[in-house]
Amino acid sequence: MLTIAVSKGRIYEDALPLLAEAGIVPTDDPKTCRKLILATTRPDVQLVIIRATDVPTFVEYGAADLGIAGKDVLIEHGAESLYEPLDLNIACCRLMTAAHKDAPPLSGRIRVATKYVKIAQNYFASQGIQAEIIKLYGSMELAPLVGLADCIVDLVDTGNTLKANDLEPRELIMNISSRLVVNKAAMKMKHEAISALLTQFEKTLANR
Ligand code: ATP
Ligand code: PRP
């Protein structure tokens with residue numbers, strides 16, 4: 001049995017066509033069903049449905065053989081203990097700093113709200129900027145509006161969320177896409193099945 005960890009929402013939606021090309025179609029829809037383990041049309045493959053930020057943990061401990069996770073989550077988690085053989089080029093966005101559209105260029109010691117504490121710390125250190133990082137779990141865009149932070153580090157796609165909250169993108173930290181990750185022991189023990197799957201994904205991606 002191969003277990004693949006996927007998060008509900010945009011990664012799941014974007015991953016479905018890729019999985020389908022490999023003959024993997026879940027027999028239940030996680031939007032309407034409360035099951036956390038989904039059987040698929042391939043008797044040797046099941047999906048586990050978890051929070052996006054938990055995917056590296058499940059794969060690292062071998063609770064899932066494979067997983068699909070954003071590069072943002074992988075870097076923040078520290079994913080040296082995982083193989084990352086494929087960029088799936090789905091759920092693409094940018095990790096950026098953003099501030100109020102009327103705010104002057106940031107200088108001196110600044111306060112930054114983000115859920116990407118490690119990435120933000122490394123980024124501002126690399127820029128020689130003294131930053132106090134405030135960890136949030138969502139709605140980062142609110143922080144500059146209520147005086148909690150001078151700027152945020154968050155994901156930007158269309159830019160609509162920033163615009164709707166009178167913020168503007170400032171510096172690009174990195175481009176983000178979702179990656180296939182593989183447990184190291186599973187790569188050895190289930191080599192044949194996993195490499196067949198990788199080959200199939202590669203073929204599908206090459207044809208896009
Ligand atoms: P959690 O449930 O663990 O808090 P989350 O709510 O951030 O995670 P999603 O919003 O589904 O989960 O995001 C999952 C991944 O999709 C992110 O890690 C990122 O790689 C990518 N992503 C997030 N927001 C966007 C966006 N607006 N456009 C494109 N991709 C995005
Ligand atoms: C993500 C991200 C931004 C938004 C950016 O939030 O945290 O708020 O998308 O996308 P945009 O540039 O297209 O507006 P998400 O939709 O995942 O909401 P959440 O953080 O509450 O999960």
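Select aspartate 154 and ligand 2: an N or O atom in the side chain of aspartate 154 is 3.0 Å from an oxygen atom of the ligand. That is a polar contact, meaning a pair of N or O atoms within 3.5 Å; within protein, one must be able to donate a hydrogen and the other to accept it, and residues adjacent in sequence count only if both atoms are side-chain atoms. The model is predicted: local features need pLDDT of at least 70, side-chain atom pairs count only at pLDDT 80 or more, and totals for chains, interfaces and linings use all residues. Residues are numbered from 1 along each chain as its sequence is written, chains are lettered from A and ligands numbered from 1 in the order in which they are written, and side-chain values use heavy atoms, with hydrogens and water left out.

**Stay on ligand 2**

Next, select threonine 158, where a polar side-chain atom lies 2.6 Å from an oxygen atom of ligand 2. In arginine 10, an N or O atom of the side chain is 2.8 Å from an oxygen atom of this ligand. The protein buries 62% of the 500 Å² that ligand 2 exposes when taken alone (Shrake-Rupley method, 1.4 Å probe; for residues, only the protein chains shown count as cover). Show the residues around ligand 2, among them Glu141, Leu155, Gly159 and Asn160; a residue is near if one of its heavy atoms lies within 4 Å.

**Move to ligand 1**

Keep arginine 10 selected: an N or O atom in its side chain is also 2.8 Å from an oxygen atom of ligand 1. For lysine 115, a side-chain N or O atom is 2.8 Å from an oxygen atom of ligand 1. At alanine 91, a polar backbone atom is 3.3 Å from a nitrogen atom of the ligand. Of the 620 Å² of accessible area that ligand 1 has on its own, the protein covers 78%. Ligand 1 is surrounded by 16 residues, and the closest are Arg10, Arg51, Thr53, Asp72 and Lys115.

**Colour by domain**

Colour 2-91 + 177-206 as domain 1 and 93-175 as domain 2; these bounds come from an automatic or database domain assignment. The domain centres, taken over C-alpha atoms, are 29 Å apart. At the interface, 7 residues of domain 1 are in contact with 9 residues of domain 2 (heavy atoms within 4.5 Å). The two domains bury about 660 Å² between them, 53% of it on carbon and sulfur atoms; buried area is the accessible area (1.4 Å probe) that two parts lose on being put together, summed over both. Finish by selecting Asp72, Ile75 and Glu76, which supply 72% of the area that domain 1 buries against domain 2.
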